[in-house]
Amino acid sequence: MLDPSLGFDRLVPAPRKVEVNTVDLAATPAVVWNHLRHGDLGDSPFSRALFSLRTLPSRLGGGSPEPPVLRIDRLRSTPELPGFQLLAEEPPRELVVGAIGKVWQLDIPFVHVDGPEAYAAFDEPGWIKVAWAIRVEPLGEAATRVVFEVRVDATDDESWAKFARYWLVIGPGSHFIRHTLLAGLRRRFGAPDEREEERALPGDQLLPDAFGQMTLGITID
């Protein structure tokens, strides 16, 4: 397990851009964490289409023809194949993924850094640091809030100016991809108010194999 003390605030302590999205799910934190940590987060055809468009220049240039898969287990950065990597995790609560690249270019060049400490310390001019955290927060005993936070920083003002121009074009697409990913989680697990009658309640363990069950409830803000 990666050192949880090397968390988001140490990896990107003063980001120039921060964006946060959330979704509430009708599943326990343990179940949600297992899917986020080991499952395919881009498991819908629409998500795959979006990621395919983003990686199109690389594939046209002779890059990998494999279909895009957004699985934390597969995020590895090496000197030969630099890119996104898992930088910190605190199971079953939070994980942080990051990369350093010239993201404004069509076929993004990345630079490899050897772990979270090297990522935090990297300050060579000409690069953008992109990192995102996924946090799993319990909502009672049988529901979960997932928080998806993106932080962006630059190693110099010129690179940030390039990123700002790039973001005017790609920003709406980035928002749409994150919305699609969170919508996919909601389709998979449901929302708490949609499956209220299925949630575990105190006393269920007294009769675990009941022949019948009826639950009534109302949600109050």
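## Sheet and helix H6

Helix H6, spanning residues 157–189, lies across S1, S4 and S5 and runs at about 5 degrees to S1. This is a predicted model.

The sheet is open and has five strands in the order S1-S5-S4-S3-S2, with antiparallel pairing. Its edge strands are S1 (17–25) and S2 (85–90), each of which pairs on one side only. From one strand to the next, the twist averages 15 degrees. Twelve bridges join strand S4 (residues 128–139) to strand S5 (residues 143–154) in the antiparallel sense. Within S5, arginine 151 stands opposite alanine 131.

## Aromatic pairs

The count of aromatic pairs comes to six. In one of them, the ring centres of phenylalanine 84 and phenylalanine 110 are 5.9 Å apart with the planes at 65 degrees; the angle is over 60 degrees, so the pair is edge-to-face. This pair links distant parts of the chain, 26 residues apart. Phenylalanine 84 is in the loop between helix H4 (56–60) and S2, while phenylalanine 110 is in the loop between strand S3 (94–101) and helix H5 (116–121). Phenylalanine 84 is partly exposed, at 29% relative accessible area, and phenylalanine 110 is partly exposed at 24%.

Phenylalanine 163 and tyrosine 166 form a tilted pair, with 5.9 Å between centres and 45 degrees between planes. Both residues lie in helix H6, three residues apart, or about one turn of the helix. Phenylalanine 163 has a relative accessible area of 3% and is buried; tyrosine 166, at 17%, is also buried because its value is under 20%. One aromatic cluster is formed by Trp160, Phe163, Tyr166 and Trp167.

## Charges over rings

Arginine 151, the residue opposite alanine 131, lies over the face of phenylalanine 8, at 4.3 Å from the ring centre. The charged end of lysine 129 sits over the ring of tyrosine 119, with 5.3 Å to the ring centre.

## Arginine 37

Helix H2 (residues 29–38) contains arginine 37. Is arginine 37 buried or exposed? Its relative accessible area is 11%, under the 20% limit, so arginine 37 is buried.

Leaving aside residues up to four places away in sequence, arginine 37 touches Ile72, Asp73, Leu86, Glu89 and Leu95. With glutamate 89 there is a polar contact of 2.9 Å between the side chains.

Terms used. Residues are numbered from 1 along each chain as its sequence is written. This is a predicted model: local features need pLDDT of at least 70, side-chain atom pairs count only at pLDDT 80 or more; totals for chains, interfaces and linings use all residues. Side-chain values use heavy atoms; hydrogens and water are left out. Helices (H or I, at least four residues) and strands (E, at least two) are DSSP runs, numbered from the N terminus. Buried means under 20% relative accessible area, exposed over 50%, partly exposed in between (1.4 Å probe, protein chains only). A polar contact is a pair of N or O atoms within 3.5 Å; within protein, one must be able to donate a hydrogen and the other to accept it, and residues adjacent in sequence count only if both atoms are side-chain atoms. Contact means heavy atoms within 4.5 Å. Two strands pair if DSSP finds at least two bridges between them. Axes are lines fitted to C-alpha atoms, for helices over the stretch in contact, and angles run from 0 to 180 degrees between N-to-C directions. Rings of Phe, Tyr and Trp (its six-membered ring) pair if their centres lie within 6.5 Å; planes under 30 degrees apart count as stacked, over 60 as edge-to-face and the rest as tilted. A charge sits over a ring if NZ of Lys or CZ of Arg is within 6 Å of the ring centre and within 35 degrees of the ring normal.
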